[in-house]
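Have a go at each one before you read its solution.

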Amino acid sequence: MSYLDQKVAPKREERLGTCVDFGGSACDLKKSFNGGCLRNNDRGFCQGSICQLLPGLSMLNTIPDSVVIVHGSLGCGGAGHSQSAAVRGRQILAGSTNPRGTLWLSTNLNEMDVVTGGEAKLAEAIIEADRRYRPESIIVVSSCVPGIIGDDLDGVVARIQPQVNGVILPVHCEGFKTKVMATAYDAVYHAISRRLLEKEEEEVRLIPDELEEAAEKIRRSRQVNLMNVSSGTPGDEKELTRLLNALGLEVKIFPCFTHPDDVKYAAEAALSISTCPTHDDYFLKYLQEKFGVPYLLRYMPIGIKNTNSWLREVAKFFHLEKVAKRIIERETDELELALQPLRQTLKGKKAMLSAGEVRTLATAGWLQELGLEIIAVRPYHYDEFGEPALDKLIEHDPGLQANVGTVQPFETVNIIEKNKPDIYLGHNSDNIWAAKSGIPVLPVYGGPNTYVGYAGAFDFARNINRVLKNPSFNQNLMKNVRQPYFKSWYTDQPYKYIVQGSEDL
Amino acid sequence: MKNRFIERPRSFCALGGAMLTAGAIPGAVPILHTAMGCGGSIYWNQVGSTGYLGAGYCGGMAVPSSNVKERDIIFGGTDRLTEQISNTVKLVEGDLYIVLTGCMTDIIGDDIQAVIRDFQAQDVPIIGAETGGFKGDAYKGYDLVLQTLIKNLIEKKEQKVDHKVNLWGIVPAQDAFWRGNLNNLRVLLSKLGLEVNSFFTENDTLDGVKNSGDAALNIVVSEFYGIEAADLFLEVHGVPYITSALPIGATATEEFLLEISEALEIDQDATNKVIEREKIIYYKYIDRIADTYNDQDFQRYAVVVGDGNYAAALTRFLADDLGWLPELTIVTDDFEDEKKNKIDKYLERLNSGYKTKVIYETDASEIQYHLSRHWPVSNGQRFYDAFSPAFVVGSHLERQLAKNIGAAHLTVTYPVGNRVVLTRGYTGYLGGLNMIEDILSVLVFER
């Protein structure tokens, strides 16, 4: 793939025509996207959003034995303080009795550096990070300022690398360069692929052991890469590993929480399995092209149908269809029994969802299966990877409303006001605006819950059921705390400020 | 000062401090003129570092933001800002809109004041400040927002009201306990007969801010934060100011009240009466915890880690009120020498006479080395006078240090990610009691 020969991964609006500004029917979304005319849409009113640096750091802060150097102003890496909670949790699970959480530095570019350049400061930070923490990898992430003052990140890395032990990974995450935060996934994978992914040289034994070699060959023929996401929980990974183990597969998880030394094993697997198509295509295509590792990239295993399809696809690859059929039967029989009482209360309830593209659409699909009515989906962006899940939703409800936007809660509350959902399932940090509308909220990822596989399907059902049992907290909030918008906003249509894009510049 | 990298910086950038300060002004709505991620980055940072402070009225992911893109960076972002403001004032209800720039728009030099003037001409209540992140930390952002209020909002008043004061020096959100800290001092100062305007709490109003120009005195409970703004206030509105250390507990608070009393020429006897009454109450509570303090041998060696406000104030409280042994005080600001001298001097004259070692260090992982250098580690001798029993008062970053040295730990200073903070404050007499309650609760938590 030629992308990997470049220093910087392309932005998604260019590579995939990804759209972040749309409001209308889901059918229209699909049609206009395929017409290729959505990526230049805009908003005449915007709210603070998520740039590619933030999900980039969410992934990079998980890499063990590493230091993240955020090359930019003092504040750019600050989300690392909050992300530390999840990282500490994993460090405890991995056996640490005194976990340190995230470890990151800021090059703290100031007014002087903006004039004179920040390269010397970055070089010093890398050398000192290597000396102080002895990390396996030093992840250098550039934010907006170096992108505009012209710091040569890759030049600094090339110059300093011979002086340090840790492998330096330059990651380009200048926030102003793309409006699609999902470009971060490509930026991170780009760096990992270029710096950490080399196939191990085959060990040449002095005394060949054919039996052991054959055993190793068989083992590798069943070794799979399971791609995780930084928004995944330990419960999510456990559930998917359990299902793949049940097929007799050996699972290695990438890239979050994977040690830099272990990334190379991704190149020796028999198959790569994505859990979130929009997250992984850049990396999995590269793995196939460079190392011949085939991949599956169609389903996010949320809900029974998607999990079944996800598992069947894996099984088909290994000619294990019969095993998969048995697993699916056993899992779903038991699950259906447990779901029966919950379906009664969930039937006909109206839900609205907002989060990353595929997660939103796949979760909405599962809620439809559970008998809920989806009044609107708000994926943070939309591109080809959303289409299979969107098709299913449209099939079930051709009139479904879709609003593509990265957070933008003013549109959320307008839709809520007009459609009065019974429950809102949203992304971390946008839930509060639904909560202030008095709607019960269930986070659509994170925390102690499981969201994927059969365990996740059940967790969704029982947690929605639980949240609906007592909505007092958010109702009190609605009665006593006001939203910042004029009343007239709620009589306007929610997509008033979305501006049709012109032709490509 | 060392112009170099900082490990896990213990502050928002100037924009972050500005956005959180602006958002804390009653009825005010910040409008960011920044790249798309700045608002989200500040919010993602805020939640896990300020005792789980939420978005509030129009903060977090709701903050209006021009979200300038590559195109705007090349051709200039003022058109986008104009469009954003004109739509914001139609959509978002605010008594005051405050435009705040970020790194990108500062670097390309967008003339926001020209845009703001156009809206002011249409009677939109709007002001602005240039707060690009590279200009400094949250304290800087706080100061810059105060400065724009002083220049562009606060009305000029010739006649000063002798019992009116403004209270500054505590940075919203950056100090997770800001509301409690301001409120404690407001209540306390009102006992001296003062009308206190603290700008950023639920007890303040925008009218109060606008009319703060007739105050007799600006009280800055910091030797470091809000000082440039106080100078500007003096210049523009003719109101003098005094600075003071953050007063925590009986010893520091008594000194604080006497300073204020002197500056405002309040009757000394009246002030002494207030102090006496407050101390009686304070010691009624201390009386009832003193049994356990003594029975359980609750004196501790301590390491204090915090910003210029907290490092000095906590050290003094531990030494002078609690009778603890704060051996090491880590100041986490990257201060120039003049400011360092202020802290050094303050801590040299503790009432208890206890001497602490003051170190200026921004990086959490280096503190262990400072401690080892200060208190020699055991070289295997049979009788070793260890740094024990010990307690670390700092941020949640110090949890690892505390565990390493077998110390108990309480998070007070930024980042505060393992406590939820609502009304709690540590200033004044009440704050001292809160501090004792929280510190000693850690010691009995496992029971």
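**Exercise 1.** Which residue of β1(B) is the bridge partner of A:L105?

Solution. Keep in mind that this is a predicted model, with an ipTM of 0.97 and a pTM of 0.97. Start with the strands: β4(A) pairs with β1 of chain B, residues 6–7, in the antiparallel sense. Two bridges make up that pairing. Now look up A:L105, and you land on B:E7 as its bridge partner.

**Exercise 2.** Work out what chain A brings to its contact with chain B.

Solution. First, count: 57 residues of chain A are in contact with 64 residues of chain B. Next, see where chain A's side comes from: the elements giving two or more residues include β4 (104–106), α6 (119–133) and α17 (409–419) of chain A. The largest share belongs to α4(A), with six residues. Finally, sort that side by class: 30 residues are nonpolar, 18 polar and nine charged.

**Exercise 3.** Describe how domain 1 of chain B meets domain 2 of chain B.

Solution. Chain B averages a pLDDT of 97, and 100% of its residues score at least 70. The assignment puts domain 1 at 14–152 and domain 2 at 161–263, with domain 3 at 298–416. The C-alpha centres of domains 1 and 2 of chain B are 25 Å apart. Across the contact, 23 residues of domain 1 touch 20 of domain 2. On the domain 1 side, α1 (14–24) and α7 (138–152) of chain B each give two or more residues, and α7(B) gives the most, nine. By class, that side has 13 nonpolar, seven polar and three charged residues.

Conventions. Residues numbered from 1 in each chain as written. Chains lettered and ligands numbered in written order. Predicted model: local features only at pLDDT ≥ 70, side-chain atom pairs only at ≥ 80, totals over all residues. Domains from an automatic or database assignment. Contact = placed C-beta atoms within 7 Å. Helix = DSSP H or I, 4+ residues; strand = E, 2+ residues; numbered from the N terminus. Nonpolar A, V, L, I, M, F, W, Y, C, P; charged D, E, K, R; others polar. pLDDT = per-residue confidence, 0-100. Pairing = 2+ DSSP bridges.
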